[in-house]
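Visitor: Here's a structure I'd like to walk through with you. Can we start at the ligand and then move on to the sheet?

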Amino acid sequence: MSSSAVIETSPLVPEAHARRIVDPRSYGQHALLHESFSWLRKHQPLGKVVLDDYAPFWLVTKHADIQEISRQNDKFHNGDLSTILIAKGVDENIRRMTGGSPHMVRNLVNMDPPEHMKYRMLTQSWFSPNSVRRYEEKLRGIARGFVDRMVAGGERCDFVRDVALHYPLHVLMEILGVPEKDEPLMLKLTQELFGARDPDMGRSAAEMEDPAKAVKVLQQVLADFGNYFNGITEARRREPRDDVATVIANATIDGAPIKPFEAASYYVILATAGHDTTSASTAGAIWELCNNPEQLAKVQADPSLIAGLVDEAIRWTTPVKHFMRSAVVDYELRGSSIKAGDWLMLSYYSGNFDEEVYPDPYSFRVDRTSNRHLAFGFGAHACLGQHMAKLEMRVLLEELLPRIASLELDGTPKTGQSPLVSGPKTLPIRCRFK
Ligand code: HEM
């Protein structure tokens with residue numbers, strides 16, 4: 001990591017908070033993380049994290065600052081340094097493997113202008129609000145199937161295992177044109193990528209603690225994805241269909257066919273970015289309705305509040321906890337001098353509980369009037385699939401909530417341990433149906 005290391009005059013984030021924020025285990029314990037972020041927003045909204053294992057980075061915790069940085073993607077790049085928090089050793093190994101690049105794949109998330117827009121425009125219209133709306137009836141059919149199976153299964157279930165994991169995956173695979181028989185493989189690969197350091201999800205969580213082995217494990221997961229999707233590219237070139245895979249397989253960039261590595265990277269981002277994230281916020285909605293029966297009653301009495309419930313659940317869960325940026329120029333923010341080459345963590349999780357934007361941020365309210373959360377990011381890289389994610393969640397909740405007579409937790413849920421994408425990984429519930 002080539003981040004400049006001038007730290008003498010920088011306000012350092014206290015070590016206890018810094019360690020908590022980089023530790024995957026903290027992401028299984030919301031209260032601890034919230035304690036740190038709330039302290040930081042109040043006392044040190046922009047501070048520098050300096051720990052032995054990581055290149056120094058600025059920790060951006062305020063909603064306004066995250067927006068200010070994200071909207072200037074000419075001054076704060078995605079491509080120059082890693083877009084996710086990784087340890088120094090992992091970064092060195094990735095660069096060794098890629099011949100200098102900090103990225104193992106080449107997708108939208110790690111591209112900058114002007115290239116980023118060329119790739120984004122390929123699929124942007126597919127994911128526009130108008131375009132995703134044409135899927136509503138199809139999604140409703142899929143959602144109804146999940147709810148029917150829940151009802152048939154009786155009062156008790158693990159909502160993550162039985163609904164939240166598979167419903168978004170099934171929707172995505174429909175859009176990508178992946179056959180249903182391959183969904184278990186996609187689920188496994190996504191979890192191995194995002195929950196790589198989680199002992200319940202990673203391919204080899206123990207090896208992830210050794211940087212050289214960690215890169216090899218991730219490389220293997222990506223290679224498995226790549227091999228799978230190369231087959232899809234060939235099939236869609238031979239026989240185009242009405243799906244996103246066909247758009248990617250037949251895309252041209254600057255007049256030439258998209259290259260295999262870029263095409264595979266595109267599938268990987270679509271297959272992965274929209275799956276664990278939507279699962280996490282869907283399960284987050286049900287978890288909070290268990291905790292707040294009065295909110296369930298409110299939304300059942302007035303289904304027009306479901307759209308608000310969806311946004312509140314996405315804010316509350318903030319499945320993508322951060323993304324990183326790197327400064328291209330020197331920049332003053334909150335009295336601190338960010339230098340060109342510095343690395344920054346945009347903490348969406350912190351920004352979404354910022355007291356300056358959210359009155360009473362730690363209460364779950366389906367009727368928040370203006371919920372400008374940052375869970376989808378902001379600016380040029382704002383989530384491409386956000387309208388699809390919200391539609392999926394709304395349709396499922398519209399099908400499920402009217403059928404619920406009572407809802408409660410039936411054990412202690414477990415939360416995923418990842419500083420990148422995390423949310424409930426089990427949600428035992430007892431649900432009586434009308
Ligand atoms: C609740 C569900 C979701 C959440 C919380 C979420 C969150 C995010 C976030 C935080 C970003 C990065 C924004 C930034 O760097 O400024 C992002 C980007 C992206 N998301 Fe999502 N996402 C979700 C669902 C989806 C779905 C369903 C899809 C696809 C079907 C998707 C595809 C993408 C893509 C392709 C990008 C890269 C955009 C770019 O860099 O231009 N996401 N998402």
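This is a predicted model: local features need pLDDT of at least 70, side-chain atom pairs count only at pLDDT 80 or more; totals for chains, interfaces and linings use all residues.

Visitor: How many Å lie between a polar side-chain atom of His116 and an oxygen atom of the ligand?
Guide: Residues are numbered from 1 along each chain as its sequence is written, and side-chain values use heavy atoms, with hydrogens and water left out. A polar contact here is a pair of N or O atoms within 3.5 Å. For His116, the distance to a ligand oxygen atom is 2.6 Å.

Visitor: Which residues come closest to the ligand?
Guide: A residue counts as near if one of its heavy atoms lies within 4 Å, and 28 residues surround the ligand. Arg120 has a polar side-chain atom 2.7 Å from a ligand oxygen atom, and so does His381, at 2.7 Å. The closest are His116, Arg120, Arg325, His381 and Cys383.

Visitor: Which strand supplies at least two residues of the shell around the ligand?
Guide: Helices (H or I, at least four residues) and strands (E, at least two) are DSSP runs, numbered from the N terminus. Helix 5 (115–124), helix 13 (260–273) and helix 14 (276–291) each supply at least two shell residues. The strand that does so is strand 7 (322–327).

Definitions and conventions. A polar contact is a pair of N or O atoms within 3.5 Å; within protein, one must be able to donate a hydrogen and the other to accept it, and residues adjacent in sequence count only if both atoms are side-chain atoms.
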